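Here are my notes on the charged pairs. Please read them with the model open.

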Amino acid sequence: MRVLIVDDSSVMRKIVTRGLRQAGFKIDEILEAGDGVKGLETQAASKCDLILSDWNMPNMDGLTFVKEVRKTGDKTPIVMVTTEGGEAKVAEAVKSGANGHIKKPFTPDTLRATLGQFFK
């Protein structure tokens, strides 16, 4: 299983990576991108099995990133990992093609409960 983490904070990418490992998921490779533009390039070149994306990023925000991934016909699960947790924001993300939402800060248990359905 390959996971793409899209977040402008390298520290947050490391925290998400550590959380995924602490949650016990079997992951072959974790790829990282610092914004939506680089996330699109990475996904096009690498075809990851799961994408975790921040909402607020420079160059291309997470919501636009989700819409652009879906425009390509890519059905890879995308879960927003963000501080944007209001119902309207979550509904907007789901309407745009996101498959779930994890609010920061999170625990390995939160990751396991939300992402477990995507790991087989």
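1. Arg-2 is partly exposed, at 25% relative accessibility (buried means under 20% relative accessible area, exposed over 50%, partly exposed in between; 1.4 Å probe, protein chains only). Its partner is Glu-29: the two form a salt bridge, with the closest N and O atoms 3.2 Å apart. Glu-29 is also partly exposed, with a relative accessible area of 32%.

2. Arg-2 lies in strand β1 (residues 2-6) and Glu-29 in strand β2 (residues 29-33), so this pair ties together parts 27 residues apart in sequence. Helices (H or I, at least four residues) and strands (E, at least two) are DSSP runs, numbered from the N terminus.

3. This is a predicted model: local features need pLDDT of at least 70, side-chain atom pairs count only at pLDDT 80 or more, and totals for chains, interfaces and linings use all residues. Residues are numbered from 1 along each chain as its sequence is written, and side-chain values use heavy atoms, with hydrogens and water left out.

4. How many salt bridges are there? The count is seven, taking a side-chain nitrogen of Lys or Arg within 4 Å of a carboxyl oxygen of Asp or Glu.

5. Lys-104 pairs with Asp-7 in a salt bridge, closest N and O atoms 3.2 Å apart. Lys-104 sits in the loop between β5 (100-103) and α5 (108-115), and Asp-7 in the loop between β1 and α1 (10-22), so the bridge ties together parts 97 residues apart in sequence. Both Lys-104 and Asp-7 are buried.

6. Lys-104 also forms a salt bridge with Asp-54, at 3.4 Å between the closest N and O atoms. Asp-54 lies in the loop between β3 (50-53) and α3 (62-71), 50 residues from Lys-104. Relative accessibility is 14% for Lys-104 and 6% for Asp-54, which counts as buried. Shared partners join Asp-7, Asp-54 and Lys-104 into one network of salt bridges.
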